[in-house]
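Look over the sequence and the fold before you read on. Then follow the report part by part.

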Amino acid sequence: MLGVAAASPPISPPHLISNPVTFQDRKHLLFKLQKCKTIKHSNPIHAHIIKNGNPNDPFILFELLRICSKCSSIEYALKIFQQTPNPNVFLYTAFIDVFVSSGAYVDGIKSYFQMIKDFILPDNYIIPLVLKACGFALDLNSGKQIHCQVMKLGLGSDRFVRLKLMELYGKCGEFSDAKKVFDEMPQRDVVASTVMISCYLDHGLVRKAIDEFRVVSSKDNVCWTAMIDGLVRNGEMNFALELFREMQMEGVKPNEVTIVCVLSACAQLGALELGKWVHSYVEKYNIEVNHIVGSALVNMYSRCGDIDEAVHIFEDLKARDVTTYNSMIVGYALNGKSIEAIKLFQLMIREGIKPTSITFSGVLNACSHGGLVDVGFEVFGSMETEYGIERRIEHYGCMVDLLGRVGRLQEAYDFIQKGNIAPDNIIWGSLLSACRIHKNFELGENVAKILLEYGAADSGTYILLSNVYASLGKFKEAAQVRAKLREELGVQKEPGCSSIEVKNEIHKFLLGDIRHPEREAIYSKLKELNNMLKSEDYAPETDAISQDIEEHEKKLALSIHSERLAICYGLISTKPCTTLRVVKNLRVCNDCHSVIKLISKITRRKIVVRDRNRFHHFENGVCSCGDYW
């Protein structure tokens with residue numbers, strides 16, 4: 001609660017106290033209440049207070065409400081407040097804080113306006129608190145009313161009030177009002193600037209945030225961290241890492257939150273070497289590897305394909321919570337270690353750690369990636385019966401994905417129809433993709449029609465449908481679907497993009513990319529590999545091409561997929577036996593999957609590819625996914 005905890009409570013009018021306690025008695029009771037960690041701990045003390053005829057001492061009531069706030073106990077706070085005659089602004093502040101800390105923002109705002117109706121004047125402690133509630137509730141109308149009250153009461157110069165007004169307008173997207181409050185501040189310190197920067201970043205206005213960030217003369221680690229975090233949340237990973245380097249050059253020491261943000265950027269980029277560098281920074285400057293930083297490290301290593309190091313970090317952690325276990329389970333699932341993910345889940349249960357919805361998503365994904373149907377259904381069935389966790393749409397999606405991967409398409413279709421949840425385009429799209437892979441085009445067409453009929457299709461659905469038609473040889477229909485996607489929906493197919501990290505630098509490639517400075521060497525290596533593939537009896541899967549073009553053109557189109565160009569660059573720019581790590585934004589196609597298996601055999605390289613769904617560890621002509629992807 002902003003300002004209240006540190007403030008000295010105002011003296012209440014005598015009529016609030018039925019039988020005033022002595023200073024020593026009050027001090028003793030407050031000391032005992034401040035040591036309480038739960039409502040149950042405070043109950044005997046509260047009973048003693050009531051028994052001795054002192055239930056309305058404002059200092060004691062304030063401390064009781066603070067305990068309610070700490071424990072998110074709205075019900076108990078209501079009982080206290082309803083039995084308090086003539087509460088003052090000080091007690092209203094503590095009461096509203098209970099609602100805000102519990103996430104019941106609307107109730108907090110209602111309580112504030114009830115206080116106004118009772119002719120109790122607000123002060124500069126309660127105003128920031130209720131503005132915070134308005135911001136979280138996106139209640140611009142109430143916020144503007146409070147702003148008017150602020151001006152009438154002469155509280156507009158209070159720094160905390162102004163900061164919360166900026167936050168409110170920023171959260172509600174009223175940037176001109178937020179900027180006006182900001183510009184009127186007599187001292188626009190780094191805190192105010194950070195609030196303004198965060199407002200822009202929350203709404204994706206990266207350029208405005210950067211402009212504001214650059215004019216801040218003295219940035220602290222909170223300001224740097226807010227900027228880095230916002231860039232990561234807006235998908236600007238490379239920029240976030242550049243800013244982290246700049247932060248160090250400026251001599252500003254990052255905190256735990258900064259490290260977690262930077263590790264997240266490395267994880268999303270698949271930048272293992274950069275992630276290792278951040279890890280070494282953590283060790284060099286003795287930043288505590290607690291469960292938060294530990295989870296971020298596990299997540300980074302597993303999402304960069306170094307699952308062994310992720311396991312090493314996990315096992316070395318002194319304290320593990322459900323978040324840490326979730327990171328490791330998801331990491332195992334992504335890297336094709338399905339059995340290990342399930343065993344870790346079982347260990348977690350034995351350790352007495354209660355699983356969450358995310359835990360089950362990770363375990364079910366592991367079952368899906370490993371084709372473990374029976375285990376998947378067992379885990380899915382246990383969610384509500386054994387752990388009391390409601391099955392969400394993502395859990396149903398995992399089950400459909402699992403059945404689709406192993407080719408039990410009709411069973412997957414029936415599972416969707418009988419499910420207790422309305423399927424979304426992701427679930428139907430998963431089944432549509434499985435129909436194409438397993439060449440069940442009849443069911444695939446039916447699924448696509450369902451999506452189109454209910455208006456649930458997205459761009460991915462239209463592309464899948466186009467590919468299904470192409471696989472049936474219906475090129476005219478395939479072209480019509482893609483034309484509809486462009487003309488009626490105004491959506492272009494997301495281009496395939498692959499990246500590879502070499503010497504701490506990320507190199508990106510598109511389909512048939514010729515922009516790279518070493519393009520001649522890349523295509524020379526590609527030609528060399530294509531000749532080698534012929535001796536391995538490789539036959540291109542040209543039915544993956546949805547356009548009605550000549551066979552040789554289809555073969556050429558397959559050969560210049562972005563992941564192949566990235567691999568070729570890796571081969572010419574790294575030492576023999578070096579592991580190549582590629583990140584692709586889309587799912588790896590069947591043909592590329594077959595080709596990369598052969599390339600790993602021919603070149604004797606381990607190749608790790610992270611696509612939209614999972615990791616593929618290619619080695620000696622075999623993939624870790626077991627062809628379940």
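The report moves from the whole chain to single residues.

## Ground rules

This is a predicted model: local features need pLDDT of at least 70, side-chain atom pairs count only at pLDDT 80 or more, and totals for chains, interfaces and linings use all residues. Residues are numbered from 1 along each chain as its sequence is written, and side-chain values use heavy atoms, with hydrogens and water left out.

## The whole chain

The protein chain has 32 helices and 6 strands. Both are DSSP runs, numbered from the N terminus: helices are H or I with at least four residues, strands are E with at least two. Of the 629 residues in the chain, 51% are buried. Buried means under 20% relative accessible area, exposed means over 50%, and partly exposed lies in between (1.4 Å probe, protein chains only).

The accessible surface comes to about 30100 Å², and carbon and sulfur atoms hold 51% of that surface. Such areas come from the Shrake-Rupley method with a 1.4 Å probe; for residues, only the protein chains shown count as cover. Now take contacts, meaning heavy atoms within 4.5 Å. Among contacts between residues at least 6 apart in sequence, 64% join residues at least 24 apart.

How much helix does the chain have over residues 220-254? It is 74% helix and 0% strand there, and the end C-alpha atoms are 9 Å apart. Residues 321-355 are also 74% helix and 0% strand. Their end C-alpha atoms lie 10 Å apart.

## Helix α23 and its cover

Helix α23 runs over residues 393-405. At 1.5 Å a residue, its 13 residues should span 18 Å, and its end C-alpha atoms are 18 Å apart, which agrees. The expected span is 1.5 Å times one less than the number of residues. Just after α23, Gly407 takes a positive phi of about 90 degrees.

Why is α23 called largely enclosed by the rest of the structure? Because 11 of its 13 residues are buried. Among them are Tyr396, Met399, Leu402 and Arg405. The cover over these buried residues includes α21, α22 (373-387), α24 (409-418) and α25 (425-437).

His395 is found in helix α23. It counts as buried, at 0% relative accessibility. Its side chain reaches the backbone oxygen of Ser357 at 3.0 Å. Leaving aside neighbours within four places in sequence, His395 is in contact with residues including Phe360, Leu364, Phe380 and Met383. His395 and Met383 are 12 residues apart in sequence and 9.8 Å apart in space, C-alpha to C-alpha.

Ser368 lies in helix α21 (residues 357-370). At 0% relative accessibility, Ser368 is buried. Its side chain makes a polar contact with the side chain of Arg405, at 2.8 Å. A polar contact is a pair of N or O atoms within 3.5 Å; within protein, one must be able to donate a hydrogen and the other to accept it, and residues adjacent in sequence count only if both atoms are side-chain atoms.

## Asp591

Asp591 sits in helix α32 (residues 590-603). Is Asp591 buried or exposed? It is buried, at 1% relative accessibility. Its side chain makes a polar contact with the side chain of Tyr538 (2.8 Å). Not counting residues up to four places away in sequence, Asp591 also touches others, including Pro540, Leu558 and Arg564.

## Positive phi in two loops

Most residues other than glycine have a negative phi. Leu138 has a positive phi, near 55 degrees. It lies in the loop between α7 (126-137) and α8 (140-153). Leu138 is exposed, with a relative accessible area of 53%.

Asn286 also has a positive phi near 55 degrees. Its loop runs between α16 (272-284) and α17 (291-303). At 69% relative accessibility, Asn286 is exposed.

## Cysteines

A disulfide is a covalent bond between the sulfur atoms of two cysteines. The rule here asks for a pair of cysteine sulfur atoms within 2.5 Å. By this rule the count is 0 disulfides. The sulfur of Cys71 is 7.4 Å from the closest cysteine sulfur, in Cys68, too far for a bond. Cys71 is partly exposed, at 28% relative accessibility.
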